[in-house]
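Keep the sequence and the structure side by side as you read.

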Amino acid sequence: QVQLVESGGGLVQPGGSLRLSCAASGFTVSITNMAWYRQAPGKERELVASITSGGSTNFAESVKGRFTISRDNAKNTLDLQMNSLKPEDTAVYYCSVVVRGFHYWGQGTQVTVSS
């Protein structure tokens, strides 16, 4: 059974950092393409960052140079390091994976960037 559980969200001041983690079960993170999405109030869900099984990464233009996506194979987690956070990064962040043709989502973790 595939499960994704995000953690690490919270309230941070502009310019600060947060590290999100997605604990995965039911599949192996290291051999699966995965992604982080986010959804701000009143907006559509958007892709933030992705990583392939081979380790190639891709980022939304708005977060390039500030966010890093990585895997911890020992813990079977997907992480998102977010630096230089801006108020416009405020959103619910979701971990995502497609396994055997089904698209799975975590429950999301709230990130609020505000002074």
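## Thr32 and its surroundings

In this predicted model, the side chain of Thr32 comes to 2.8 Å from the backbone oxygen of Thr28. To find Thr32, look in the loop that connects β3 (18–25) with β4 (34–39).

Is Thr32 buried or exposed? Its relative accessible area is 13%, and because the cut-off for buried is under 20%, Thr32 counts as buried. Leaving aside residues up to four places away in sequence, Thr32 touches Phe27, Ile51, Thr52, Ser53, Arg71, Val97 and Val98.

## The disulfide

How many disulfides does the model contain? The count is 1 disulfide, and the pair is Cys22 with Cys95, whose sulfur atoms are 2.2 Å apart. The torsion about their S-S bond is about -80°, so this disulfide is left-handed.

Cys22 belongs to strand β3, while Cys95 belongs to strand β9 (residues 91–99), so the bond ties together parts that are 73 residues apart in sequence. As for solvent, Cys22 is buried at 0% relative accessibility, and Cys95 is likewise buried, with a relative accessible area of 0%.

Follow β9 onward and you come to its partner, strand β10 (residues 102–105). The two strands run antiparallel and are joined by 4 bridges.

## Pro41, out in another loop

Finally, turn to Pro41, which sits in the loop between β4 and β5 (46–51). Is Pro41 buried or exposed? With a relative accessibility of 73%, Pro41 counts as exposed, because the cut-off for exposed is over 50%.

For a sense of distance, pick out Val29 as well: Pro41 and Val29 are 12 residues apart along the chain, and their C-alpha atoms are separated by 29 Å. So you have seen a buried threonine, Thr32, and an exposed proline, Pro41.

Definitions and conventions:
Residues are numbered from 1 along each chain as its sequence is written. This is a predicted model: local features need pLDDT of at least 70, side-chain atom pairs count only at pLDDT 80 or more; totals for chains, interfaces and linings use all residues. Side-chain values use heavy atoms; hydrogens and water are left out. Buried means under 20% relative accessible area, exposed over 50%, partly exposed in between (1.4 Å probe, protein chains only). A polar contact is a pair of N or O atoms within 3.5 Å; within protein, one must be able to donate a hydrogen and the other to accept it, and residues adjacent in sequence count only if both atoms are side-chain atoms. Contact means heavy atoms within 4.5 Å. A disulfide is a pair of cysteine sulfur atoms within 2.5 Å. Two strands pair if DSSP finds at least two bridges between them.
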